[in-house]
Amino acid sequence: MMFSIFSRNPEPGDTVRLTSDVPGGLFSSPARAGSIGVVTGVFGGRVEVELDGGIAGATTIDARARECRVVARGTGVERFRSRMRRRNAIRLGALILLALPLVQFVWQWWQAVGSFDGFLEYLPLALLESGSDFVILAFSDPIRAALTVALGTVTWWLAFGRKRRS
């Protein structure tokens, strides 16, 4: 079926951005404005949209057609899903990278103590020591500290996305 590129209504296979929050239904979770998805079905004035739900996987919502703005025509469901799989692999890698210091701390604790006795009591102190070490690093080597913050920020954006301003 051929669709007009000038049509304002979303069609199956179109990539859309939600223009308003969509409340969740009985079997679907709510979706925030600005979420990007692909239209999988059109039923009158309503569209079924598959959204990128992050590492948890795709979520499907039922929205009114006027709540969706077409970003790209005819991109296709499979192309959207393959892009979502690639992004999830990047997110998983970024989460592993962010979790490595904690895993390293737990491993070193286990090697030093041989059990987890006192671990939860020492964890807040270790966080404070780590923060003070970073402040010392910022004064002694500001370029390295700035690069660490920049890399951490980019990694966070890859894993969780940028914060949307309302």
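Helices here are DSSP runs of H or I with at least four residues, strands are runs of E with at least two, and both are numbered from the N terminus. This is a predicted model, where local features need pLDDT of at least 70, side-chain atom pairs count only at pLDDT 80 or more, and totals for chains, interfaces and linings use all residues. Residue numbers start from 1 along each chain as its sequence is written, and side-chain values use heavy atoms, leaving out hydrogens and water.

**View 1. Arg85 sits in helix α1 (residues 77-113).** Arg85 is exposed, with a relative accessible area of 52% (exposed means over 50%, buried under 20%, partly exposed in between; 1.4 Å probe, protein chains only).

**View 2. Leu18, Val49, Ile61 and Cys68 have the most contacts inside the largest nonpolar core, which has 13 residues.** Such a core is a set of buried Ala, Val, Leu, Ile, Met, Phe, Trp, Tyr and Cys residues joined through side-chain atoms within 4.5 Å. Two or more residues each come from β1 (15-18), β3 (46-52), β4 (58-64) and β5 (68-72). Top contributor is β3, with 3 residues.

**View 3. Asp14 and Arg73 pair up in a salt bridge, at 2.5 Å from N to O.** The term means a side-chain nitrogen of Lys or Arg within 4 Å of a carboxyl oxygen of Asp or Glu. Asp14 is in the segment before β1 and Arg73 in the loop between β5 and α1, 59 residues apart. Asp14 is buried at 3% relative accessibility, while Arg73 is partly exposed at 25%.

**View 4. Arg81 meets Glu50 in a salt bridge, with the closest N and O atoms 2.8 Å apart.** This one ties helix α1 to strand β3. Glu50 is buried at 8% relative accessibility. Arg81 also bridges to Glu78 (3.3 Å, N to O), so shared partners join Glu50, Glu78 and Arg81 into one network.
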